[in-house]
Amino acid sequence: MYRNRPESFATERKARSVADAAIERGFDQQLEPEEQAFLYMPFMHSEDLADQERSVELFSRPGLEHNRRWARHHRDIVARFGRFPHRNPILGRESTEEEQAWLDSDDAYRG
């Protein structure tokens, strides 16, 4: 709904909070793997490294291994840059030289 607009990231904290509460209460264990993956996505899309580590852990659970590759990929970006550089233009952030070099490379995520 808010693609390429700052508002698209406005509810990320709330999404993590809801997901965290569901996990703490064990609700995720009542879901099918594809539903669990949807519940765990807010951690994969967080710019917080602790959330990224949690994402890798969550997506390493049985039935979710096919998402683990992407969880690691996201974690590695945040570990390297402290954020997702492809969000910089949308959020009005300046890219560092290292981020811009990565964004210009074939390895970059372009959203």
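## Charges over rings

A charge sits over a ring if NZ of Lys or CZ of Arg is within 6 Å of the ring centre and within 35 degrees of the ring normal. Arg54 meets this rule, lying over the face of Phe43 at 4.6 Å from the ring centre. Arg69 lies over the face of Trp70, with 4.2 Å to the ring centre.

## The model and its confidence

This is a predicted model, in which local features need pLDDT of at least 70, side-chain atom pairs count only at pLDDT 80 or more, and totals for chains, interfaces and linings use all residues. Residues are numbered from 1 along each chain as its sequence is written, and side-chain values use heavy atoms, with hydrogens and water left out.

The protein chain averages a pLDDT (the predictor's confidence in each residue, from 0 to 100) of 92, and 98% of the residues score at least 70. Helices here are DSSP runs (H or I, at least four residues), numbered from the N terminus. Confidence is highest in helix H3, at 97, and lowest in helix H5 (residues 88-91), at a mean of 92.

## Aromatic pairs

A pair of aromatic rings is described by the distance of the centres and the angle of the planes. Rings of Phe, Tyr and Trp (its six-membered ring) pair if their centres lie within 6.5 Å; planes under 30 degrees apart count as stacked, over 60 as edge-to-face and the rest as tilted. By this rule there are 2 aromatic pairs. Tyr40 and Phe59 make an edge-to-face pair, at 5.9 Å centre to centre and with 80 degrees between the planes. This pair links distant parts of the chain, 19 residues apart: Tyr40 is in helix H2 (residues 33-44), while Phe59 is in the loop between helix H3 (49-58) and helix H4 (65-81).

Phe81 and Trp102 form a tilted pair, 5.4 Å centre to centre with 50 degrees between the planes. Since Phe81 lies in helix H4 and Trp102 in helix H6 (residues 97-103), the pair ties together parts that are 21 residues apart in sequence. Phe81 is buried at a relative accessible area of 13%, and Trp102 is buried at 7%.

## The two sides of helix H3

Which residues of H3 are buried? They are Asp51, Gln52, Ser55, Val56 and Leu58.

At the start of H3, a side-chain oxygen of Asp48 comes to within 3.0 Å of the backbone nitrogen of Ala50. Leu49 also belongs to H3 and is partly exposed, at 37% relative accessibility. Leaving aside neighbours within four places in sequence, Leu49 is in contact (heavy atoms within 4.5 Å) with Arg75, Val78 and Ala79.

Glu99 is found in helix H6 and is buried, with a relative accessible area of 1%. Not counting residues up to four places away in sequence, Glu99 touches Phe81, Arg83, Pro85, Asn88 and Glu94.

Gln100 also lies in helix H6, but Gln100 is partly exposed, with a relative accessible area of 34%.

How values were computed:
Buried < 20%, exposed > 50% of the residue type's maximum accessible area, 1.4 Å probe, protein only. Polar contact = N/O pair within 3.5 Å; in protein donor to acceptor, adjacent residues only side chain to side chain.
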